[in-house]
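Visitor: I would like to talk through the strand pairing in this model. Could we begin with a single residue pair?
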Amino acid sequence: MRLKKMIQVAVVGSALAVLLAGCGSSDGDAQAEASEKDGVRKVKVAYAQASKPVNYTDESGNPNGYDVHVLQAVDALLPDYEFEFVGTSDDDLLVGVEQGKYQIGIKNAFYTEER
């Protein structure tokens with residue numbers, strides 16, 4: 001079962017890398033250019049803070065949890081991108097991603113037949 005989970009993480013990470021490498025639109029280009037520094041594109045990653053152990057803010061105020069660690073590993077594999085983790089509520093995360101405030105949103109959500 002653990003191997004299956006690791007494969008799922010690898011597939012999601014690879015898909016995310018491809019998505020980030022190919023993402024960009026004319027509306028988002030101005031925002032992306034403003035956040036680029038030395039050729040590195042900043043990506044705001046919103047994470048839900050109340051989903052321990054999947055996503056949370058630790059005692060030191062740092063992002064922590066399973067999803068955060070996966071995206072930190074993806075960030076390490078993408079030298080052209082720098083992920084900035086922003087702790088927020090579930091509602092702000094969803095609205096913020098929809099409105100373009102955050103490029104990525106991670107929370108304790110899983111695939112179900114209803115979704």
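Guide: Ala 46 stands opposite Gly 105 in strand 6. Strands here are DSSP runs of E with at least two residues, and helices are runs of H or I with at least four, numbered from the N terminus.

Visitor: What should I know about the source?
Guide: This is a predicted model, in which local features need pLDDT of at least 70, side-chain atom pairs count only at pLDDT 80 or more, and totals for chains, interfaces and linings use all residues. Residues are numbered from 1 along each chain as its sequence is written, and side-chain values use heavy atoms, with hydrogens and water left out.

Visitor: In which sense do strand 1 and strand 6 pair?
Guide: Strand 1 (residues 41–48) pairs with strand 6 in the parallel sense, over three bridges. Two strands pair if DSSP finds at least two bridges between them.

Visitor: What is the strand order of that open sheet with parallel pairing?
Guide: The order of its three strands is 5-1-6. Strand 5 (81–88) and strand 6 (104–106) are the edge strands, each pairing on one side only.

Visitor: Which helix packs on the sheet?
Guide: Helix 3 (residues 66–77) does, touching strand 1, strand 5 and strand 6; contact means heavy atoms within 4.5 Å. The direction of helix 3 makes about 165° with that of strand 5. Axes are lines fitted to C-alpha atoms, for helices over the stretch in contact, and angles run from 0 to 180 degrees between N-to-C directions.

Visitor: Now the antiparallel sheet: what is its order?
Guide: That open sheet has three strands in the order 2-3-4. Strand 2 (50–51) and strand 4 (63–64) stand at the edges with a single partner strand each, so one side of each has no neighbour in the sheet.
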